[in-house]
Amino acid sequence: MADPSLDAAVAASPAADVAGRDRLTIARILRVNHAGEYGAIRIYGTQIAVARWLWRDLVPRLEKMRADEIRHCRLFRGAMPTRGSRPCRVMQLWSLGGLVLGFATALAGRRTIWICTAAVEAAVHRHLGDQLDFLAGKDDGVGAVIRDINLEEIDHLRTAEAELGPGHAQGRLYTAIAAITDGLIWLSTWGDSARMSRAISAPSGPGSAGRRPPRPADR
């Protein structure tokens, strides 16, 4: 069922006084988020195809996650026109990466599927958090869309963490997948993702610790 408030957020525009550079960053945020969701659809779709043969009990949960990612992709695409954004030029890189990653992790085993989910969703959640901090007061419409989507991304992350148990983030595969995700996000935003993170983490005044407090899902 459609959410009228979310539909309004998608159709909105940035605040009138937003600077040109910030408008460009907002456009890049939408571009990379749309591409990332497209890649996630490919990951889950390929994992589902393999799991139908090898890990049938995982299929319903993977299908639910894929359906969420399809909705997310449509929301970000819908918000592009009023923000002067368009699909990412390296979209096929996200698509190919998703297909390869989904196929390889599904063949490697059910635990590897959940490691992939945990690594990707943790990286996505971190970047969405940076984006929300940046968007506050600049584009509350995109902020509302990201907050709604982030709830489902956190649910995906928690599902994977529950399957893996403690210590899952210490392995080489987890680290490699998270690094690849971060690298694609950096490339797709032309470095804006790194600039946002540095700006948010910078001291805001005397006595500042220099970093924001961790969000609940970061702990």
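Colleague: How many disulfides does the structure hold?

Modeller: It holds 0 disulfides. To be called one, a pair of cysteine sulfur atoms must lie within 2.5 Å.

Colleague: Let's turn to Asp139. Why is Asp139 called buried?

Modeller: Its relative accessibility is 1%. Since buried means under 20%, Asp139 counts as buried. Asp139 sits in the loop between helix H5 (110-135) and helix H6 (140-164).

Colleague: What does the side chain of Asp139 reach?

Modeller: The side chain reaches the backbone nitrogen of Gly141, at 3.2 Å. A polar contact needs N or O atoms within 3.5 Å, and the Asp139 to Gly141 distance is 3.2 Å. Leaving aside neighbours within four places in sequence, Asp139 is also in contact with Ser13, Pro14, Ile26 and Arg83.

Colleague: Which elements make up the chain?

Modeller: There are 8 helices and 0 strands, so a run from the N terminus reads α-α-α-α-α-α-α-α. Of the 219 residues, 47% count as buried. Among contacts between residues at least 6 apart in sequence, 83% join residues at least 24 apart.

Colleague: What lines the largest pocket?

Modeller: There are 28 lining residues, and Gly36, Ile43, Trp94, Val120 and Thr181 lie nearest the centre of the pocket. Helix H2 (20-54), H3, helix H4 (91-108), H5 and helix H7 (172-188) each supply at least two residues of the lining. The space in this pocket is about 450 Å³.

Colleague: Where is confidence lowest, and where is it highest?

Modeller: Helix H8 (residues 192-201) is lowest, with a mean pLDDT of 66, and helix H3 (residues 59-79) is highest, at 97. Over residues 203-219 the pLDDT is below 50, and this stretch has 21 contacts in the model beyond near neighbours in sequence. Where pLDDT is low, the predicted coordinates should not be read in detail. For the chain, the average pLDDT is 86, and 87% of the residues score at least 70.

How values were computed
Residues numbered from 1 in each chain as written. Predicted model: local features only at pLDDT ≥ 70, side-chain atom pairs only at ≥ 80, totals over all residues. Heavy atoms only, no water. Helix = DSSP H or I, 4+ residues; strand = E, 2+ residues; numbered from the N terminus. Buried < 20%, exposed > 50% of the residue type's maximum accessible area, 1.4 Å probe, protein only. Polar contact = N/O pair within 3.5 Å; in protein donor to acceptor, adjacent residues only side chain to side chain. Contact = heavy atoms within 4.5 Å. pLDDT = per-residue confidence, 0-100. 1 Å grid on protein atoms, 1.4 Å probe; cavity = no way out; pocket = protein on both sides within 12 Å on 5 of 7 lines; lining within 4 Å. Points joined across faces, edges and corners; volume = space filled by probe spheres on them.
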